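Open the model in your viewer and switch to cartoon view. We will go from the whole chain to single residues.

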Amino acid sequence: MPQLPAPDYPADVRARLDADAKEVVARYPDSRSALLPLLHLVQSQEGHVTRTGVRFCAETLGLTTAEVTAVSTFYSMYRRKPSGDYQVGVCTNTLCAVMGGDAIFDELKQHLGVGNNETTEDGKVTLEHIECNAACDFAPVVMVNWEFFDDQTPESAKRLVDDLRVGRPVQPTRGAPLCTYKETARILAGFPDERSGAVEATGGAGPASLIGLKLAKGEATQHRVVHPRGEDKHDRPPHDPSPSEHLSSHDAPQQTSASDPAHPAGPETEEGE
């Protein structure tokens, strides 16, 4: 049977969302550009993007529900089913994985009794494995509602989710104080975080992540020069490399078959030919 049209929000909720949506749409020269923040707005209402939320976005922006659904299902930041107050994401990308991320994720699944992208029975925690969070300096990393919890272990991660479930306050390693997933969604929709001290709270990347930025700005950094293969680094005095000098033997000009008669190029022959 065809699915019935999605119901509308209750009148008071609809009136409040209409006012918020008007503010969001006014930020953009083309109303369609407001779709992503509007999806965060409706997610802040129910904790995930419902059919009613899709209908609201479509009616507000003059789109079809199919167009809104296509966008909401493309991005993993929009939830398609009810989720917990705290979205606990364990980075299982390469560096975090080898530093312990896989072990953390496996132990949390057993500890919470849930699988990937599943929610505890009390509705407090949704667990998922996530891709790189650009925090490799602090691997392994766990995120709760997109706030960082760095240098985690299976034991510290289990204490973290236990505290979340019983309502004990937890403090992210960096960034703003923790809030619920619905509150986070409203902030991502572009509305101000009015909690005391939240805007002032900050936390930058680690030094290894910032080296490229410093080089791009022309700031001096300590270089580690790797000399070309076959060259004795003790044969010449230490020096500061010039901007045009290769800093790695992999980038330095290498001998090719044309310039190395001892290793001519040519088709390989079968044994005996």
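Begin with contacts between residues at least 6 apart in sequence: 61% of them join residues at least 24 apart. Keep in mind that this model is predicted.

Now color by secondary structure. Follow the protein along its sequence and the pattern reads α-α-α-α-β-α-β-β-β-β-α-α-α.

Next, show the surface. The accessible area is about 16800 Å², and carbon and sulfur atoms account for 53% of it. Of the 273 residues, 37% count as buried.

Select the five strands. They make an open sheet, ordered S2-S3-S1-S4-S5, with mixed pairing. Which strands stand at the edges? They are S2 (118-119) and S5 (147-149); each has a single partner strand, so one side of each lacks a neighbour in the sheet.

Zoom in on S1 (residues 86-91) and S4 (residues 142-144). These two run antiparallel, joined by three bridges. Pick Val88: opposite stands Val144 in S4.

Move to helix H3, residues 51-61. Which of its residues are buried? Select Thr52, Gly53, Val54, Phe56, Cys57, Ala58 and Leu61. Then display what the buried residues of H3 pack against: helices H1 (11-25), H2 (35-46) and H4 (65-72).

Terms used
Residues numbered from 1 in each chain as written. Predicted model: local features only at pLDDT ≥ 70, side-chain atom pairs only at ≥ 80, totals over all residues. Heavy atoms only, no water. Pairing = 2+ DSSP bridges. Helix = DSSP H or I, 4+ residues; strand = E, 2+ residues; numbered from the N terminus. Buried < 20%, exposed > 50% of the residue type's maximum accessible area, 1.4 Å probe, protein only. Contact = heavy atoms within 4.5 Å. Areas by Shrake-Rupley, 256 points an atom, 1.4 Å probe, with all protein chains shown as cover.
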